[in-house]
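Visitor: I'm new to this one. Could you show me how to read a helix and a strand in it?

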Amino acid sequence: MCGIIGISSSKPVVNNIISSLKKLEYRGYDSAGIATFSDKFIDEVKCEGRVGKLEKIVSKKSLKGIVGIGHVRWATHGVPNEINAHPHSSDRVSVVHNGIIENSTILKKILEKKGYQFKSQTDTEVITILLTENLKNNKLLVAVQKTLEKLHGSYALAILCKDNPDLIVGARRGSPLAVGYGHNENYLGSDSYALKSMTNKISYLDDGDICILKKDSAEFYNSKGKKINKKILTMSETEDNYDKGDFKTFMQKEIFEQPNSVKSCINEYVDHLRDDINIYNFPWDITKIDSVVLIGCGTAYHACMVAKYWIEELTSLEVAIDIASEFRYKRNKFKNNCIYIFVSQSGETADTFAALELCKKNKMKTLSVVNVVESSIARNSNFVLPIHCGAEICVASTKAFLGQMLVLYVLILKISSLRGDIKKKDYEAKIKLLKKLPEAIRNTLSTESEMEEISDIFSEAKGSMFLGRGYSYPIAMEGALKLKELCYVHAEGYPAGEMKHGPLALIESGMPVVIIAPRDKYYEKTLSNMQEVIARGAKVLFISNKSKDEISSDNVWKKIEVEKTSDELLPFLLTIPLQLLAFYAAKNKGYDIDKPRNLAKSVTVE
Ligand code: M6R
């Protein structure tokens, strides 16, 4: 996690560093810092807390440096405080870092024996001190290379060096780093987002690369120390929308954007004239594929879970799903006739990226479903399907979840039709219904006031459960995850039929339990499970879909009905009230909804 910015310019850089750090806050927001060169000295300002606080402190100083680096932190080693905030500086260098140095304890001991003292509890300070030591007998580039050779783990680095005040050194292994090209100034950023307002011309460092960045040049060296050239890519001009509009939080805005974000995505993939799905340049003959494996983390993993049910229902393919952090270390049986699908909003999630790299190493077919098309996961996959939902700023994923499910659904439908697993008439009927989805989502958003009313019970609860079967099971998991991450209340998402095998013991009088029971083939079964929790004192919030039949809801505390649609499309609608529930439960508590404690939007450490 953590965000990095570096600027080498002919004019003061502090304001641009601060605005880039604000954009990078989604990568970490527990502390922030900046260092610039001025008159042979490195000026450093750091603080615990947000970039806004750093900006206030900086405004009282006069940082006139024309070369500088900045950092937003998501703590790995050492509590979030001013001392542990980056940059970490010695009398010779100043370093900002994203990643984890796994052998920092050993290196620290070696350096302490040489007489060095450490100020912070971070792994990063080891890089600062080791580089300082190596600079005693080596020129900058060699000293950096010698330092990097000793590091185990992952890093993206931006380094200022007192003896070379016109440049910034960048280095990457395992954590992304981009170079941006401007007019008489150049940039380093932990992703292209941070650079977008300053340039649309960028290059990406590969693992092992080092770059020496000056205001008018960028030199690159690979892991063997050989000077290399980098492709300069042009980023799309579309400016991301960082404005909350009429909303007070990005989360609420993003929830209410869903009818439109889903519509834009449908417009990208669905042929309106022919009731067909267009996926151009699909690189493999789908009739020769036997299986798919879907991989993701958190909410993206829940989208994979829903997709598994669709694949089983609609195709003759074998399907497996995996959490990326598990997949990357287990013994996988790689199969040639399999497509490995990586689902990630940011496209930068370290575990998902590592799982992708593992598949690439084994020469597997890789496809990614991402929101950020310039991301590492997108750039390294054989084929990319973007979710087209626009920038998602709130740490809790909402519109990207619907976007991920949507792209997976259209992909599965198309595969099913190409393989002849589905009749043409059924395929077209499903597409017709899909086109109505944005309207159904819009109507389902009208549950907002009811969810607001209900939410205080969840805010105050010690714990809660979310139960569903079939498609509603991953949605229950997603609802529970949203409540945990936003409202800091224990919430468990569980298959409703599993309760009697243990978790039923948790139910006590007054405990809020969400039962997700649309009128699908599981309906009656889930109703029975609901009565089992009611009999043990649970306060049941029952979520189903509209129908002419009354819900048989004896002893149910509250009932919510989403719009009518097919069983397959219900996950999109059932998610909406759960997003609203978590939003209002967190709002009742006065929590920072867009930036929940301990988290970050882009999880770039494993
Ligand atoms: O960017 P990604 O989709 O790869 O992120 C994966 C998870 O970190 C993410 O979905 C996380 O679970 C969300 N904060 C949940 O709301």
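Visitor: Is helix H13 largely enclosed or open to the outside, and why?

Guide: Keep in mind that this is a predicted model. Buried means under 20% relative accessible area. In H13, 18 of the 20 residues are buried, so the rest of the structure largely encloses this helix.

Visitor: What span should H13 have, and how far apart are its end C-alpha atoms?

Guide: Count 1.5 Å a residue: the 20 residues of H13, 399-418, should span 28 Å, and the end C-alpha atoms are 28 Å apart, so the two agree. After H13 comes Gly-420, with a positive phi near 75°.

Visitor: Now a strand. Which way do side chains point there?

Guide: The general idea is that side chains in a regular strand alternate between the two faces of the sheet. Take strand E6, residues 93-98. Val-93, Val-95 and His-97 sit on one side, with Ser-94, Val-96 and Asn-98 on the other.

Visitor: Which strands are joined to E6 by bridges?

Guide: One is E5, residues 88-89, which runs antiparallel to E6 and is joined to it by 2 bridges. A hairpin of 3 residues links E5 to E6, and His-88 stands opposite Val-95. Another is E7, residues 155-161, also antiparallel to E6, with 6 bridges between them.

Conventions. Residues are numbered from 1 along each chain as its sequence is written. This is a predicted model: local features need pLDDT of at least 70, side-chain atom pairs count only at pLDDT 80 or more; totals for chains, interfaces and linings use all residues. Side-chain values use heavy atoms; hydrogens and water are left out. Buried means under 20% relative accessible area, exposed over 50%, partly exposed in between (1.4 Å probe, protein chains only). Helices (H or I, at least four residues) and strands (E, at least two) are DSSP runs, numbered from the N terminus. Two strands pair if DSSP finds at least two bridges between them. The expected span of a helix is 1.5 Å times one less than its number of residues.
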